[in-house]
Amino acid sequence: MRKKVAFYTLGCKLNFSETSTIARSFTDEGFDRVDFSEHADIYVINTCSVTENADKRFKTIVKQAQKANPKAFVAAVGCYAQLKPQELADVNGVDLVLGATEKFKITDYINDLSKNDFGEVHSCEIEEADFYVGSYSIGDRTRAFLKVQDGCDYKCTYCTIPLARGISRSDTMNNVLNNAREISAQNIKEIVLTGVNIGDYGKGEFGNKKHEHTFLDLVTELDKVEGIERLRISSIEPNLLKNETIDLVSKSRAFVPHFHIPLQSGSNDILKKMKRRYMRELYVDRVSKIKEVMPDACIGVDVIVGFPGETDEHFLETYHFLNDLDISYLHVFTYSERDNTEAAEMEGIVPMNVRNKRSKMLRGLSVKKRRAFYESQLKTKRTVLFEGENKEGYIHGFTENYVKVKVPWNPELVNTLHDIELTKIDDDGLVRFDFVKELVL
C-alpha cells in the first residue's frame, strides 16, 4: 500500500510554491498526495510568522489533522518552525519540526512514521540558511507561483522574515527560465513571480553578493519564454521598482499591468521608525510613473496600522495619503508585536482597540478604492483567465489588470482565456461581462 501525504499552507505565495516543491519530493519517494481533510499517513503544515493570527491557526490545523487520522505523523516546517521550533514541538500531536534549511530535505527525516512522544526539532542557525532552493507550484490552481528569490537583507524594525529565512539570495537565471518552461509545458496560463524581496533579484545568484543579473534582466528574459500567456509580478519594494521595469511591463508581450507595492505607512515619521528604505514622495513617484505609461494598471498596497508611536495625526496622514493616491486596493495589516524585533521594544504602544478601529477604516477605504477602479474599467475590453472552482454556481476569473469577474458555472471555461467587455458591477462587488466573440470551446 502506498503511503499518503497531505499538506496545509499558511501565509504567502512563496510558501505555496515551496509546499508544492516539498510535495513533489514526497511523490518521488512513492507517496500519494491527498487533500488535507482526507485520511493520510503524514500531514505537513507549512507555517507562517507574519501575523499573530498565523501562529494561533497552527494549533487548529494540527487538531484537524488528528481528527482525520489520530495516528498520523504530523510535521511542521517553514517560518514559524524556524523562529519558534520548540513552541511548535510542544503542541500536542506534533512529531517533527524542521527549520529553514531542513524543510526541503523532509523525506530524509521521516523514518518509520511512528508517533513521537515529543516533537523532534531540526532547526539550523539562520546564518546557515545561505543556499538557494528553487520552487514553483503546479497543480494547485490555475496559475503557478514561481520562486525567484529568498531571504532579505533589509532591517525593517517590525519584521521577522530575515530571522526566519536568512540573507537575500537568488535562483540562477537559467534555473528560473527552465522552471518557467516546465510550467508552461503543463498548460498553465499564468505565472506569478514570487520571493521575499524579488526586486533584489540577482544578489546571491552565485552564493555571494556579486550581481551579474538584475530584476530587469530577469523580467526581460522571462518575457521571451514561449508558451507563457501571462506573467505577473507579485510584491515589489517601491525603491526597487525602477522606471525601466515599469516601461518594460508597459510594452511587454506577457507581463500584465498589475503591481503590488508595499507602502506600510503614509507618514514619513513612521516610515523612518520602521526603517523603510524610501519616503512617501518616492511612492507617489512610482504610482505616477505606472499610471503615466499604463493608465488602466491595477496597483495594490500593503499598509500596517497601529505601529508603535503612530498617533491619530500619523494615521490620518496615511489615510489621506492613500485616499488621494490613484491606487486600486489595500492589504491592511494590524501591527502585532513579534519577538526579537526592534519595534517590540519601542515606546508608544497603540491600544488594540485603536489598532482595530484604524484597520477597519482602511479596509473601508480599500472597498471604496476597488469599487472606483472597477467602475473605471466598465465598457473596456479585457482578457479574462478563468479559475477552477465552482463558487455557489459561478466561475470566477481575473482580467490582466486584476478585475475579478463572474459568470454562471461552466466547467469548460476552467483555465481558458477569453476576450470580454466589462459591463456592470454585481451586488457582491464582482464584475459582469459580455464575451466579445461568440463562445466556441
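Student: On strand E13, which residues lie on one side and which on the other?

Tutor: Cys298, Gly300, Asp302 and Ile304 are on one side of E13, with Ile299, Val301, Val303 and Val305 on the other, and all are buried. Buried means under 20% relative accessible area, exposed over 50%, partly exposed in between, with a 1.4 Å probe and protein chains only. For strand E13 (residues 298–305), that makes eight of its eight residues buried. Helices (H or I, at least four residues) and strands (E, at least two) are DSSP runs, numbered from the N terminus.

Student: What should I know about the origin and numbering of the model?

Tutor: This is a predicted model, in which local features need pLDDT of at least 70 and side-chain atom pairs count only at pLDDT 80 or more, while totals for chains, interfaces and linings use all residues. Residues are numbered from 1 along each chain as its sequence is written, and side-chain values use heavy atoms, with hydrogens and water left out.

Student: Which strands does E13 pair with?

Tutor: Strands of a sheet pair through backbone hydrogen bonds, either parallel or antiparallel. Two strands count as paired if DSSP finds at least two bridges between them. E13 runs parallel to strand E12 (residues 258–264), to which six bridges join it, and Cys298 is the bridge partner of His258. Six bridges also join E13 to strand E14 (residues 329–334), again in parallel; there Val301 has Leu330 as its bridge partner.

Student: In the open sheet of six strands, what is the order?

Tutor: The order is E2-E1-E3-E4-E5-E6, and the pairing is parallel. Strand E2 (32–34) and strand E6 (120–122) are the edges: each has a single partner strand, so one side of each lacks a neighbour in the sheet. Neighbouring strands here are turned by 25° against each other on average, direction ignored. Axes are lines fitted to C-alpha atoms, for helices over the stretch in contact, and angles run from 0 to 180 degrees between N-to-C directions.

Student: How many bridges join E3 to E4, and how many join E4 to E5?

Tutor: Six bridges join E3 to E4, with Val44 opposite Ala75. Three join E4 to E5, where Ala76 stands opposite Val97. Strand E5 (residues 96–98) pairs with E6 over three bridges, and Leu96 stands opposite Glu120.

Student: Is E4 mostly covered or mostly open?

Tutor: E4 is mostly covered, with six of its six residues buried. Phe73, Ala75 and Val77 point one way, whereas Val74, Ala76 and Gly78 point the other way.

Student: Which strands does helix H1 lie across?

Tutor: Helix H1 (residues 13–28) lies across strand E1 (4–9), E2, strand E3 (42–47) and strand E4 (73–78), and runs at about 170° to E1.

Student: How is a pair of packed helices described?

Tutor: Two packed helices are described by the angle between their axes and the distance between the axes. The axes of helix H8 (residues 215–222) and helix H9 (residues 243–251) come within 9 Å and cross at roughly 10°. That makes H8 roughly parallel to H9; angles under 35 degrees count as roughly parallel, over 145 as roughly antiparallel, 65 to 115 as roughly perpendicular and the rest as oblique.

Student: Which residues of H8 and H9 meet?

Tutor: From H8, Phe215, Leu216, Val219 and Thr220 meet Glu244, Thr245 and Leu248 of H9. Contact means heavy atoms within 4.5 Å. These residues divide into four nonpolar, two polar and one charged.

Student: Which residues of H8 are buried?

Tutor: An α-helix has 3.6 residues a turn, so residues three or four places apart point the same way. In H8 the buried residues are Phe215, Leu218, Val219 and Leu222. They cover an arc of only 90° around the axis, which puts them on the same side of H8; the arc is that of the directions from the helix axis to the C-beta atoms. Their cover includes helix H7 (173–184), strand E10 (190–194), strand E11 (230–233) and H9.

Student: Where is Asp223 found, and what does Asp223 touch?

Tutor: Asp223 is in the loop between H8 and E11, and counts as buried at 14% relative accessibility. Leaving out residues up to four places away in sequence, Asp223 touches Leu231, Ser252, Arg253, Ala254 and Phe255. Asp223 and Phe255 are 32 residues apart in sequence and 6.9 Å apart in space, C-alpha to C-alpha.

Methods:
Nonpolar A, V, L, I, M, F, W, Y, C, P; charged D, E, K, R; others polar.
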